[in-house]
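Keep the sequence and the 3D view at hand while reading.

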Amino acid sequence: PDDLDALSAIQGDPEVCRYMLYEARSREKVAEVLERDAAHTRLAEPGDYMQPAIRDASGTLIGTMYLELRAAEPDRTAEIGWLLSPTVHGRGYATEAARLLLDLCFGEIGLHRVHAELDPRNEASVAVCTRLGMRHEGHFVEHMWLKGEWTDTGHYAILEREWTARA
């Protein structure tokens with residue numbers, strides 16, 4: 001709840017939400033989603049997800065990560081994503097936070113594969129995937145109708161053995 005103002009500023013910004021699956025959110029909607037998502041703290045069954053905070057050195061909320069378990073044994077896969085305040089774009093926060101989360105995925109959680117799906121026009125997110133060593137696996141043209149237009153979907157992924165080899 002202490003992060004509501006900072007999260008509202010991020011999720012309420014139309015430019016931030018341009019490539020998200022949702023429109024810019026009102027403070028009330030952010031409060032509702034924050035309450036719902038805060039209860040998700042484990043990854044045990046497919047569909048379980050968590051959204052850890054990204055904070056700067058002072059502890060200020062500057063964004064969130066997203067991790068959803070897509071398949072348990074034997075496939076062991078998850079989807080990863082990130083959302084960052086435009087005030088800190090270009091400083092490496094998303095890459096650093098994603099590295100920590102991938103370390104957790106391939107270490108403690110024991111996943112085999114992690115993927116990201118994103119709008120390929122989002123050059124900053126594409127760059128994060130590239131810096132993480134994620135492979136561009138596909139580009140789905142006009143894959144979904146979103147916000148009044150057909151949008152493409154880019155698919156990036158990395159395997160446990162690839163992540164381990166990078167370390």
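Which element gives the largest share of the lining of the second largest pocket? The answer is H2, with four residues.

## Basis of the report

This is a predicted model, in which local features need pLDDT of at least 70 and side-chain atom pairs count only at pLDDT 80 or more, while totals for chains, interfaces and linings use all residues. Residues are numbered from 1 along each chain as its sequence is written, and side-chain values use heavy atoms, with hydrogens and water left out.

Helices (H or I, at least four residues) and strands (E, at least two) are DSSP runs, numbered from the N terminus.

## The largest pocket

Rolling a probe the size of a water molecule over the atoms shows where empty space is left. A pocket here is an open set of points on a 1 Å grid over the protein atoms alone, where a 1.4 Å probe fits, with protein on both sides within 12 Å along at least five of seven lines. Lining residues have an atom within 4 Å of a point. Points are joined across faces, edges and corners, and a volume is the space filled by probe spheres set on them.

The largest pocket has a volume of about 1,200 Å³. Its lining is made of 50 residues, and those nearest the centre are Tyr19, Met20, Trp82, Leu83 and Ser125. Among the elements that give two or more residues to this lining are helix H3 (93–106), helix H4 (123–131) and strand S7 (149–159). Sorted by class, the lining holds 24 nonpolar, 12 polar and 14 charged residues. In this sorting Ala, Val, Leu, Ile, Met, Phe, Trp, Tyr, Cys and Pro are nonpolar, Asp, Glu, Lys and Arg are charged, and the others, Gly among them, are polar.

## The second largest pocket

The second largest pocket has a volume of about 300 Å³. It is lined by 17 residues, with Leu7, Leu34, Ala38, Gln51 and Thr64 closest to its centre. Two or more lining residues come from each of helix H1 (4–11), H2, strand S2 (53–55) and S3. The classes here are eight nonpolar, five polar and four charged residues.

## Helix H1

Buried means under 20% relative accessible area, exposed over 50%, and partly exposed in between (1.4 Å probe, protein chains only). In H1 the buried residues are Leu4, Leu7, Ser8, Ile10 and Gln11. They lie on the same side of H1, because they cover an arc of only 165° around the axis. The arc is that of the directions from the helix axis to the C-beta atoms.

These buried residues pack against H2, S3 and S4, with contact meaning heavy atoms within 4.5 Å. Asp5 and Ala9 are exposed residues on the face of H1 turned away from its buried side.

## His115

His115 is found in strand S5. Is His115 buried or exposed? It counts as buried, because its relative accessibility is 7%. Leaving aside residues up to four places away in sequence, His115 touches Arg70, Ala78, Glu79, Ile80, Met134, His155, Tyr156 and Ala157.

## Aromatic pairs

Rings of Phe, Tyr and Trp (its six-membered ring) pair if their centres lie within 6.5 Å; planes under 30 degrees apart count as stacked, over 60 as edge-to-face and the rest as tilted. The whole structure has three aromatic pairs. One of them, Tyr49 and Tyr66, is tilted, at 6.0 Å centre to centre with 35° between the planes. Tyr49 lies in strand S1 (residues 49–50) and Tyr66 in strand S3, 17 residues apart. Tyr49 is buried at 13% relative accessibility, whereas Tyr66 is partly exposed at 21%.

Trp145 and Trp150 form an edge-to-face pair, because their planes are at 70°, with ring centres 5.4 Å apart. Trp145 is exposed at 52% relative accessibility, and Trp150 is partly exposed at 47%.
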